[in-house]
Amino acid sequence: MTPEELRSMSFPRAPLTRRGYSEEAVHDALRRCAATVTALMEENDRLRTDMQRQRDWVRANNIGDGSGPTGVPPVDAVLQQARAQQSAEQTVTAAREQARNMVRAARAQAEAILQQRWEHASQAADGDQEETERLISYLRQVAQSLTVTADQYATKRTQMLSPPASTTTSHGA
């Protein structure tokens, strides 16, 4: 029964010996209204119970901040997390670039020293040749160490930034 049906409801007149409306028609309308109101109250109670069960489930599963009925985290928290992720990615990118530049500079410096030593070695006696080879070997080890360190740093940062494996749970009704 809808509000419009209630507004448009009409009752037959009582028999000529009585005034007003037919009692039978009025009682029938009241019974239908009572049945509709009862059904609406039962549905309202059922919906309240369902809503409370949903809220309890959200709290039990630590979803969102628990303040809203859906358990969805606030938009500000999502935006802040996105900004933090972006900042972290920029920091890692800058650190990788700085490590690459350091390795390039070290290699260039090592090559310059090697070139200088080779030139000096060709002019010097055989005794200097041994010292030059030792220095060349040392510089190559330094360059190799810097390369390994930069690679390890990049791998470690990538692992730290990758999200942890999450377990998926199915949500039953």
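User: Hi! Where is Thr 147 found?

Analyst: Thr 147 is in helix H4, residues 126-161; helices are DSSP runs (H or I, at least four residues), numbered from the N terminus. Residues are numbered from 1 along each chain as its sequence is written. Since the model is predicted, local features need pLDDT of at least 70 and side-chain atom pairs count only at pLDDT 80 or more, while totals for chains, interfaces and linings use all residues, and side-chain values use heavy atoms, leaving out hydrogens and water.

User: Thanks! Is Thr 147 buried or exposed?

Analyst: Thr 147 counts as buried because its relative accessibility is 16%; buried means under 20% relative accessible area (1.4 Å probe, protein chains only).

User: And what does Thr 147 touch?

Analyst: Not counting residues up to four places away in sequence, Thr 147 touches Val 103 and Arg 107, with contact meaning heavy atoms within 4.5 Å.

User: New topic: which residues line the largest pocket?

Analyst: Among them are Val 103, Arg 107, Thr 147 and Asp 151. A pocket is an open set of points on a 1 Å grid over the protein atoms alone, where a 1.4 Å probe fits, with protein on both sides within 12 Å along at least five of seven lines; lining residues have an atom within 4 Å of a point.

User: Which helix gives the largest share of that lining?

Analyst: H3 does, with 6 residues.

User: Last one: how far apart are the C-alpha atoms of Arg 157 and Ala 88?

Analyst: They are separated by 9.8 Å, with the two residues 69 apart along the chain. Arg 157 is in helix H4 and is buried, at 19% relative accessible area.

Definitions and conventions: Helices (H or I, at least four residues) and strands (E, at least two) are DSSP runs, numbered from the N terminus. Buried means under 20% relative accessible area, exposed over 50%, partly exposed in between (1.4 Å probe, protein chains only).
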